[in-house]
Amino acid sequence: MTDLSLKMLHRFYEQLWQIRFFEGHVQRLAASGEVPGFPHLSTGQEAVAVGVCANLTEGDMLFSGHRAHGHVLAKGSDPYATFCEVIGRQDGLCQGRGGSMHLVDVSTGMLGATGVVAGNLSLAAGAAWAAQVANKEKIAVVFFGDGATGSGVFHETLNLAGLWQLPLLFVCENNGMAEFTGREEHSDVAKVSAFAAPYGISAQTIDGNDVLVVNAAARSAIQGIRAGSGPYLLECMTYRMAGHYVGDAQHYRSKEEMATMKEKDPIERLRLHLLAKGDSAEELEAIMQRVKAEMTAVVDRARKAAHPDPATVMDYVYSADFPGREENAKWN
Amino acid sequence: MELTFIDIIRRALDEEMDRDAAIYLLGEDVAAGGAFGVTKGLVDKHGTNRVKNTPISEAAITGMATGAALCGLRPVLEIMFIDFATLAMDCLVNQAAKYRYMSGGQLSVPMVVRTQVGAAGGAAAQHSQSLESWFIHVPGLIVVAPSSPVEAYGLLKSAIRLSDPVLFIEHKRLYAMKEDLPEGAGPLPIGQARVARAGKDVTIIVYSAMVRTALAAADNLAKEGISCEVIDLRTLVPLDIETLLKSVTKTRRVVIAHEAVEVGGVGAEIAARLGSLAFEELDAPIVRVGCPFAPIPFAPELEKALLPGSREIEKAVRELIA
Ligand SMILES: Cc1ncc(C[n+]2csc(CCOP(=O)(O)OP(=O)(O)O)c2C)c(N)n1
């Protein structure tokens, strides 16, 4: 953990702020009605995205769920194209067909977010299987919430991943909540990592709000997977500082709880770490201000981007070799 | 040489695997031959890497096939009975069907899901259903339902070569049917219906095992002087509406028959389409023949009582002509 260069630490700091500001804009614009649908923010959970993705290459394949903005940005997607997608513009990653819950960016290996809880797990296992048969060092990574562990396909996928020894990293972002209810109402199994052992999968529960801890744990897990030691489950204990979705009034949270949020904030924790290492507060403030200005410029540009042409609504339902293409287009 | 439906599917899979190294088979017991022996022996030739047994995890294996298809493989997944596709619905409907669209064309899912429908021999309510209409309702899926061994050979080859997810529906009562595979047989067009028998009085629109039944009905009706045109849809998505319109314009009367429950079935969709596109051409209301609104029963006499057959088709045709 200590061998990280200052450059790397600053990169983390930037990335954390990048996600934070990106989602701040999503929240702001959602309130004014500029964001269709119901975006879910990862505010407070950014360290998981940044710490894990720091150890991935472009060839590695990523899958995520409904809270995916951070993962997509940390995997290297262009913030402009990502923001355009979230607000449904033609310049968006998916040309406005996917939106916040269905972000895909093939150019970075972000192969898909899904709005169906646990729907991404088996897809990631399939990608890992493809990597395995191709004999590549590539791995697949899937981010999911603790709520997904109540789904049958979570267990089916763990079983298959262990059985086939797939190069797959399961990353559980355990924020202790699924929508408006706590984990204790969902399962008597407190730790998600406990599900791994019966399926022959190595696992660890870590502090997911410390980007350095996440980075180190992800690095060693990923090294193991690349070396052929099979799948790994990394449970990152974290905290969702925002509501479940933008607009969630969070009646289920007490004032006391809200007041302790700052202590958990992964950005604040990295800031304190950097200060302790000798960075000045001004230097860190300057990094933050730079990222902030960049993101504001990105969002200003995205808001001016063209909306998709309604005439293209039937594009992409099927591939070019689909024999019913012309007939299908007539529906519109 | 005569081959059964099962032998012919196996041959198509084998030849396609020879042709394209990206094709992988997976499913419950497929390396062991599968529940009906379709994949028997393929593991010996292509190896356990390409012919993979899976646990009984329909949701996860369908997801894995989809994920692998996103990453360059061309998986052919077997779902043993379409009744069990219920367990894979999230993946089929929410993921595989929509991936290309949701990603703005960045990714596609070249996957074939082979599955099997139909009532036979007391398989009863959970191993006999014909659930194809659920899937024609989902944009992004292709649905193929061959009516004979030779048809299945050509249609499966085409299905495997497409870039989008295909539900390939086999019928268990066709599995033992034998046909000669003609010299030089190859892929058959997806989305082109076939006039299985030409006629002038009534058009009978069918697919899968019902084609054979309709041909038998047409034989019987011919003896009474009624000339039936039997159209084998071959593919339910895409639907070859042109061929249907051509036939309807000629015969002016339509019976649509399928083994699936009549309510909300494929026939309902076709009847609505023909009703709006060819209203002026029709001399009589379109008639549907399908299963009554009940589960498939176990006892043979009950099963027989429920299933629509050539008698029901004949009755429908006679009433139309009268
Ligand atoms: C299959 C399914 N059921 C229900 C929902 C509605 N839903 C969206 S997010 C969510 C909670 C998920 O909790 P968790 O997986 O822990 O992720 P988190 O929201 O905490 O990030 C639910 C129930 C859904 N999207 N998919």
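This is a predicted model: local features need pLDDT of at least 70, side-chain atom pairs count only at pLDDT 80 or more; totals for chains, interfaces and linings use all residues.
1. A polar contact is a pair of N or O atoms within 3.5 Å; within protein, one atom must be able to donate a hydrogen and the other to accept it, and residues adjacent in sequence count only if both atoms are side-chain atoms.

2. Residues are numbered from 1 along each chain as its sequence is written, chains are lettered from A and ligands numbered from 1 in the order in which they are written, and side-chain values use heavy atoms, with hydrogens and water left out.

3. Two side chains also reach the ligand. An oxygen atom of the ligand is 2.7 Å from an N or O atom in the side chain of Arg67(A), and an oxygen atom of the ligand is 3.2 Å from an N or O atom in the side chain of Asp146(A). The protein covers 71% of the 570 Å² of accessible area that the ligand has on its own (Shrake-Rupley method, 1.4 Å probe; for residues, only the protein chains shown count as cover).

4. The shell around the ligand holds 14 residues, the closest being His66(A), Arg67(A), Gly147(A), Asn175(A) and Met177(A) (a residue is near if one of its heavy atoms lies within 4 Å). By class the shell has five nonpolar, six polar and three charged residues. Here Ala, Val, Leu, Ile, Met, Phe, Trp, Tyr, Cys and Pro count as nonpolar, Asp, Glu, Lys and Arg as charged, and the others, Gly among them, as polar.

5. At the interface, 49 residues of chain B are in contact with 46 residues of chain A (heavy atoms within 4.5 Å). About 3700 Å² is buried between the two chains, and carbon and sulfur atoms give 66% of this (buried area is the accessible area, 1.4 Å probe, that two parts lose on being put together, summed over both). Met64(B), Tyr101(B) and Met102(B) supply 19% of the area that chain B buries against chain A, more than any other three residues.

6. The rule finds 16 residue pairs in polar contact across this interface, both residues at pLDDT 80 or more. On the side of chain B that touches chain A, H3(B) gives the largest share, ten residues (helices, H or I, of at least four residues and strands, E, of at least two are DSSP runs numbered from the N terminus). That side has 25 nonpolar, 15 polar and nine charged residues.

7. One salt bridge is found across the interface (a side-chain nitrogen of Lys or Arg within 4 Å of a carboxyl oxygen of Asp or Glu). Glu327(A) pairs with Arg273(B), with the closest N and O atoms 3.9 Å apart.

8. Over all chains the structure holds 38 salt bridges. In one of them, Arg226(A) and Asp60(A), the closest N and O atoms are 2.6 Å apart. This pair links distant parts of the chain, 166 residues apart: Arg226(A) is in helix H7 (residues 211-226), and Asp60(A) is in the loop between helix H2 (46-53) and strand E1 (61-64) of chain A.

9. Some backbone points deserve a look. The peptide bond from Val237(B) to Pro238(B) is cis, with omega near -5°, and Pro238(B) sits in the loop between strand E12 (235-237) and H9 of chain B. Tyr316(A), not a glycine, has a positive phi of about 75°; its place is the loop between helix H11 (281-303) and helix H12 (325-329) of chain A.
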